[in-house]
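This report sets out the computed features of a single protein chain. Please consult the sequence and the structure shown here alongside the text.

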Amino acid sequence: MRIGIAGAGLLGRLLAFELSALGHEVHVHDPAPGPRPPCGASPRAAAWSAAGMLSPFAEIETGDERLARWGLRSMERWQALVPRLPHVLPVGLGPHAGEQGGCHGAPPGGGARAVDFRREGSLLLAHREDLGSARRLLSVMAARLPGTHRPAQPLDREALARLEPAVHGPAHAWLLPGEGQIHPVEALEALYRGGCAQGVRWHWASPVRRVDPGALWLDAAGECRRHDLVFDVRGLGARPQCPVRGVRGEVFWLHAPGVALRRPLRLLHPRWRVYLVPRPGDGVVVGATEIESEDLSPVSVRSALGLLSAAYSAVPALAEARIVHSETNLRPALPDNLPALHVESGLVRINGLFRHGWLLAPALVEEALQCCELLSCAEQSSSDVPDKEVA
Ligand SMILES: Cc1cc2nc3c(=O)[nH]c(=O)nc-3n(C[C@H](O)[C@H](O)[C@H](O)COP(=O)(O)OP(=O)(O)OC[C@H]3O[C@@H](n4cnc5c(N)ncnc54)[C@H](O)[C@@H]3O)c2cc1C
């Protein structure tokens with residue numbers, strides 16, 4: 001089949017990789033100037049700025065049982081997908097961290113290796129005075145997770161010290177086995193290069209104005225490209241065809257030699273959702289604010305103070321870490337903050353991955369591809385997808 005994809009962010013690259021692996025002729029269009037748009041470029045996929053936390057259990061606070069189901073399926077999909085991807089150079093934490101040069105030049109650890117993906121669980125942490133926030137999340141998890149999943153294992157002081165010796169301060173801790181993390185910058189690069197190797201044709205500086213069944217309407221002079229099947233995965237760029245909005249998120253990249261974190265930490269705080277995600281090369285990403293605004297200006301003083309002091313309160317050794325990079329981007333969210341997959345003959349739209357794109361994308365892509373196989377013979381969409389339209 002000849003397939004057109006509007007958007008080369010997380011979903012676009014995943015789709016391109018999977019569809020080209022199946023032998024289809026794949027064309028991807030994106031307004032970005034190239035495969036690694038620099039920080040500050042607009043639009044720049046939300047995917048570049050993500051911490052890469054894969055948290056099917058704790059994130060259920062912001063969704064429903066489907067989130068856990070898709071999330072757990074995605075964890076399996078990432079586990080199978082990462083070994084199929086080309087190796088990449090580790091991302092540096094130098095002065096241009098987060099940009100093309102910093103991402104792909106002079107890495108600290110030497111040669112190329114597999115995309116950093118780990119599934120060693122995550123920790124929930126709460127200070128004594130914030131036990132109320134923790135209890136609420138634990139009860140939400142208990143109520144919304146399918147019966148067999150009771151994931152939170154309380155940790156006493158000794159167990160916590162064994163698992164994460166750098167954590168000092170929080171009086172309460174739980175292990176969530178099965179949660180994990182992925183390095184978004186490395187994964188986006190590997191998906192791109194894997195797609196290239198499988199013959200994907202990338203059309204950069206090529207925005208798509210409108211997506212209709214079998215048709216991508218390019219901005220340039222209203223040109224229309226016809227395909228057997230098209231995917232609309234433009235994130236925020238899908239407006240006005242999709243009622244998506246941007247939700248501002250801010251993150252910090254720290255260089256923290258000697259602070260040996262092994263797994264993501266989530267600090268349950270009454271005012272901030274704060275997580276710390278370790279990265280290779282002594283890196284730690286601290287994120288992320290969630291602000292109802294499409295302002296893409298740099299990180300505010302309030303956010304910096306809130307995020308970093310919360311991180312420091314759980315891992316005091318971060319006091320001497322260096323802030324090498326901060327970043328602001330917009331998460332694509334639908335009015336109910338849940339993802340939507342819409343399938344009709346010749347057209348698939350996926351949007352609204354909000355704060356869970358890395359957690360959900362592989363499962364949603366898998367479901368979309370299953371639907372398309374159904375469509376080719378029965379012209380119907382899966383009963384397993386959310387019953388709503390995004391167009
Ligand atoms: C600060 C921050 C932290 C996050 N942390 C996490 C996390 O820890 N875990 C997690 O699971 N998720 C996280 N996310 C969410 C995740 O990054 C998003 O849900 C995900 O990137 C959405 O994927 P997408 O492909 O739908 O959109 P995007 O990744 O935004 O990609 C959309 C693509 O469409 C392109 N486009 C735009 N307009 C057009 C047009 N007219 N024509 C063609 N193409 C167009 C854009 O250039 C872009 O390449 C975070 C997001 C942010 C901002």
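## Aromatic pairs

Tyr192 and Trp202 are both buried, where buried means under 20% relative accessible area, exposed over 50%, and partly exposed in between (1.4 Å probe, protein chains only). The model is predicted, so local features need pLDDT of at least 70 and side-chain atom pairs count only at pLDDT 80 or more, while totals for chains, interfaces and linings use all residues. Residues are numbered from 1 along each chain as its sequence is written, and side-chain values use heavy atoms, with hydrogens and water left out.

The structure holds 4 aromatic pairs; rings of Phe, Tyr and Trp (its six-membered ring) pair if their centres lie within 6.5 Å, and planes under 30 degrees apart count as stacked, over 60 as edge-to-face and the rest as tilted. The ring centres of Trp78 and Trp358 are 5.6 Å apart with the planes at 25 degrees, so this pair is stacked. It links distant parts of the chain, as Trp78 lies in helix α2 (residues 65-81) and Trp358 in helix α8 (residues 357-378), 280 residues apart. Trp78 is buried at 0% relative accessibility, and Trp358 is buried at 4%. In the pair of Tyr192 and Trp202 the ring centres are 5.2 Å apart and the planes stand at 55 degrees, so the pair is tilted. Tyr192 belongs to helix α6 (residues 184-197) and Trp202 to strand β9 (residues 201-203), so the pair ties together parts that are 10 residues apart in sequence. Ring pairs join Tyr192, Trp202 and Trp204 into a cluster.

## Overall architecture

The chain has 8 helices and 20 strands; helices (H or I, at least four residues) and strands (E, at least two) are DSSP runs, numbered from the N terminus. Its radius of gyration is 20 Å, close to the 21 Å that the globule rule gives for 391 residues, so the chain is as compact as a globular protein of that length. The radius is taken over C-alpha atoms, and the rule is 2.2 Å times the number of residues to the power 0.38. The C-alpha trace spans about 60 × 50 × 35 Å along its principal axes.

Buried residues account for 56% of the 391 residues. Of the contacts (heavy atoms within 4.5 Å) between residues at least 6 apart in sequence, 75% join residues at least 24 apart.

## Buried loop residues

Glu164 sits in the loop between α5 (157-163) and β7 (172-176) and is buried, with a relative accessible area of 0%. Residues up to four places away in sequence aside, Glu164 touches Leu123, Ala260, Leu261, Arg262, Arg263 and Leu265.

Gly214 occupies the loop between β10 (208-212) and β11 (215-218) and counts as buried at 9% relative accessibility. Gly214 and Gly4 are 210 residues apart in sequence, yet their C-alpha atoms are 8.1 Å apart in space.

## Backbone geometry

The peptide bond from Arg239 to Pro240 is cis, with omega near 0 degrees; Pro240 lies in the loop between β13 (229-232) and β14 (245-255). Another cis peptide bond joins Gly287 and Ala288, with omega about -20 degrees.

Asp282, although not a glycine, has a positive phi of about 65 degrees and is partly exposed at 39% relative accessibility. Phe354, also not a glycine, has a positive phi of about 50 degrees and is buried, with a relative accessible area of 6%.
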